[in-house]
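Please look through the structure shown below and keep it in view while reading.

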Amino acid sequence: MEIADKDEFEKQNVFGTGTPNTAYAKYFIGESYLNSLTKPEDGLHLLNVTFEPSCRNNWHIHHAKSGGGQLLICTAGEGWYQEEGKEPVSLTPGKVIVIPAEVKHWHGAKKDSWFSHIATEMPGEECSNEWCEPVTDEEYNKLG
């Protein structure tokens, strides 16, 4: 369900918006927010990531010698996920996306909706993240 009104969105964003994502802001177009649900030292770091309407992260790749990748669990609003060379996937609450290591992709909110997902890095060996180029306005505006 698209939710343009932030107050209405907050009623559905059960894991909370958190604080502005200043640490990774250079890899996002628009404002995003992070709410850490677990601590990295717990063994599996879960973050609720919230995107304002039209916000998206850059293309990126989760590298790993073995295992690795990323898991997204969509919780509120509507968004997009896209792998390089593939059609975009509409994201709504309850949708789960498993992203294998070495797959170039991006994710973010739809134009007229706030969006949140829980994100975590999948366990693996020698994991790292490579941030690539931004998703251009031309690419993004082609989406529904």
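Glu10 is partly exposed, because its relative accessible area is 29%; buried means under 20%, exposed over 50% and partly exposed in between, taken with a 1.4 Å probe on protein chains only. This is a predicted model, in which local features need pLDDT of at least 70 and side-chain atom pairs count only at pLDDT 80 or more, while totals for chains, interfaces and linings use all residues. Residues are numbered from 1 along each chain as its sequence is written, and side-chain values use heavy atoms, with hydrogens and water left out.

Which residue meets Glu10 in a salt bridge? The partner is Lys6, and the N to O distance is 3.1 Å. A salt bridge here is a side-chain nitrogen of Lys or Arg within 4 Å of a carboxyl oxygen of Asp or Glu. Lys6 and Glu10 are 4 residues apart in helix α1 (residues 6-12), so about one helical turn separates them. Helices (H or I, at least four residues) and strands (E, at least two) are DSSP runs, numbered from the N terminus. Lys6 counts as partly exposed, at 33% relative accessibility.

Helix α1 also holds the pair Lys11 and Glu8, 3 residues apart, about one turn of the helix. Their closest N and O atoms are 3.6 Å apart, and the two residues form a salt bridge. Lys11 is exposed, with a relative accessible area of 64%, whereas Glu8 is partly exposed at 35%.

The search of the whole structure finds 8 salt bridges. One of them joins the side chains of Lys65 and Glu126, at 3.8 Å from N to O. This pair links distant parts of the chain, 61 residues apart: Lys65 is in the loop between β6 and β7 (66-67), and Glu126 is in the loop between β14 (124-125) and β15. Are Lys65 and Glu126 buried or exposed? Both are exposed. Elsewhere, salt bridges that share partners join Glu84, Lys104 and Glu133 into one network.

Next come the strands. An open sheet is formed by 6 strands in the order β1-β3-β4-β13-β8-β11, with antiparallel pairing. Two strands pair if DSSP finds at least two bridges between them. Which strands lie at the edges of this sheet? They are β1 (19-20) and β11 (96-99), each of which pairs on one side only. Inside the order, β3 (residues 32-36) pairs with β4 in the antiparallel sense over 5 bridges. Ser32 stands opposite Phe51 in β4.

Strand β11 contains Ile97. This residue is buried, because its relative accessible area is 8%. Ile97 and Glu8 are 89 residues apart in sequence, and their C-alpha atoms are 25 Å apart in space.

How many disulfides does a search of the whole structure find? The count is 0, where a disulfide is a pair of cysteine sulfur atoms within 2.5 Å. Cys55 has its closest cysteine sulfur in Cys74, 14 Å away, so the distance is too far for a bond. Cys55 is also buried, with a relative accessible area of 0%. For Cys132, the closest cysteine sulfur is in Cys127, and at 16 Å this is too far for a bond. Cys132 counts as buried at 17% relative accessibility.

The last topic is the pockets. On a 1 Å grid over the protein atoms alone, a cavity is a set of points where a 1.4 Å probe fits but cannot get out, and a pocket is an open set with protein on both sides within 12 Å along at least five of seven lines; lining residues have an atom within 4 Å of a point. Grid points are joined across faces, edges and corners, and a volume is the space filled by probe spheres set on the points.

The largest pocket holds about 520 Å³ of space. Its lining has 23 residues, and Tyr24, Leu47, Gln70, Ala119 and Glu121 lie nearest its centre. At least two lining residues come from each of β4 (47-51), β6 (60-63), β13 (115-121) and β15 (128-131). The largest share, 4 residues, is from β13.

The second largest pocket holds about 150 Å³.
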